[in-house]
Amino acid sequence: MGKDKVKIGIIGAGRIGKIHADNLMRNPHAEIVGISDLFAGPELEAWASIRGIPVVTTDSSQLIEMPDVDAVLICSSTDTHVPLIVQAARAGKHIFCEKPVSMNLSQTQAAVTAVQEAGVKLQIGFNRRFDHNFKRVRAHVQEGTIGDPHIIKITSRDPSPPPAEYLRVSGGIFMDMMIHDFDMARYLSGSEVEEVYAQGNVLIQPVFAEHGDVDTAIVTMSFENGAIGVIDNSRQAVYGYDQRVEVFGSLGSATAGNDHPNTAEISTAAGLMRDKPLHFFLERYNEAYVQETALFIEAILNDTPVTVDGHDAVQAERIALAARMSMEQGRPVKLREVPGVTMESTAP
């Protein structure tokens, strides 16, 4: 780009938008020049003023069309992602978009096509790829430390269910929650998913059934490289946020357990005790959020590929749709039954 700072507009000032803003404020190569939110008012203006963000607006188009904006972070509701991506791409802006791009694969494909035609960068917010533990497991797989991957295990359990009003727009457990794990499965295995078989049930709260969803699910999968995998999700782990992975291979295994507030263990006659895992994703993946936007900025400044691109978004959504189809029809589903985007495949 011929400069050492990327000027950014943030679209959506909810929890995740503000997290990204605060992280970017500490990045010497980023400058936030504006933030938009449909409900922007005095409270957001005060928040932005403290951080030296000059433009606060209810109109996302204003940010996208600002000549000095190099890139936008799309942190608004999922139903707005595709039109915003298309608009930003046509305006020549680089794009960071939270997951999923959409809940409709053809719309996601249209967004990816618009990005390709515009020649801008699109990074997807699969932040778990940037977690220090999971990155180390991936590195051992890539380096051949554990040989050929044979089994991939991923556990992802939330400490408590989301509110009922969220379930109406979440897209269901596979698109909302397990989609992170589908991306992680591709990332850790180094291979595309070939087939999935999903089972799920309502074991925690009846409200999930009212929205055609489940709160407990397991998906088994087979990969193109011959490996097999299993993912388990629960919307309620009473002991905290449970995030673990294992890749077992021909020469050994690599595992990553939960992060804890400390490593102290107390041993008494009553038993062994330690603190529960970090409570939720904001604590568990705090550094991952910092790293994903930092690498997005680096990709723009150095004109290098982003770490998680449109192909990754499409593949994760395809797996989520296949899992939903599998659970509804009670059978394994091949990924080829869910047509993918027409684009050159990249290594996961």
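**The parallel sheet and its surroundings**

Author: In this predicted model, Ile35 stands opposite Val56 in S3. The two strands concerned are S2, residues 30-36, and S3; they run parallel and are joined by three bridges. They belong to an open sheet of six strands, whose order is S3-S2-S1-S4-S5-S6 and whose pairing is parallel. The edges are taken by strand S3 (55-57) and strand S6 (122-124); each has a single partner strand, so one side of each is left without a neighbour in the sheet. From one strand to the next the twist averages 20°.

Two helices that lie against this sheet can be described together. Helix H4, residues 81-90, packs on the sheet and touches strand S1 (6-11), strand S4 (71-74), strand S5 (94-97) and S6. The direction of H4 makes about 165° with that of S5. Helix H12 lies across S1, S2, S4, S5 and S6, and H12 also runs at about 165° to S5.

H12 has a helix partner as well. The axis of helix H1 (residues 15-25) comes within 9 Å of the axis of H12, and the two cross at roughly 65°. That angle makes H1 roughly perpendicular to H12. The crossing of these two helices is right-handed. On the H1 side the residues that meet H12 are Ile16, Ile19, His20, Asn23 and Leu24. Their counterparts in H12 are Tyr289, Val290, Glu292, Thr293 and Ile297.

Leaving aside neighbours within four places in sequence, Thr304 is in contact with Lys121, Glu298 and Ala299. Thr304 and Lys121 are 183 residues apart in sequence, while their C-alpha atoms are 9.1 Å apart in space.

H9 passes H13 in a right-handed crossing. Ile179, Phe182, Asp183 and Arg186 in H9 take part in this meeting, and the residues of H13 include His311, Gln315, Ile319 and Ala323.

A second open sheet has seven strands in the order S12-S11-S7-S10-S9-S8-S15, with mixed pairing. Strand S12 (252-256) and strand S15 (333-334) stand at its edges with a single partner strand each, so one side of each is left without a neighbour in the sheet. Within this sheet, strand S9 (residues 216-223) and strand S10 (residues 228-234) pair in the antiparallel sense over seven bridges. Thr216 stands opposite Ser234 in S10. H9 packs on the sheet, touching S7, strand S8 (193-201), S9, S10 and S11, and its direction makes about 25° with that of S9. Helix H6, residues 132-143, lies across strand S7 (149-157), strand S11 (242-249) and S12, running at about 165° to S12.

Apart from neighbours within four places in sequence, the contacts of Met221 include Phe182, Ala185, Val193, Val196 and Ile231.

Definitions and conventions: Residues numbered from 1 in each chain as written. Predicted model: local features only at pLDDT ≥ 70, side-chain atom pairs only at ≥ 80, totals over all residues. Heavy atoms only, no water. Contact = heavy atoms within 4.5 Å. Pairing = 2+ DSSP bridges. Helix = DSSP H or I, 4+ residues; strand = E, 2+ residues; numbered from the N terminus. Axes fitted to C-alpha atoms, helices over the stretch in contact; angles between N-to-C directions. Parallel < 35°, antiparallel > 145°, perpendicular 65-115°, else oblique. Left-handed = near helix turned anticlockwise from the far one by under 90°.
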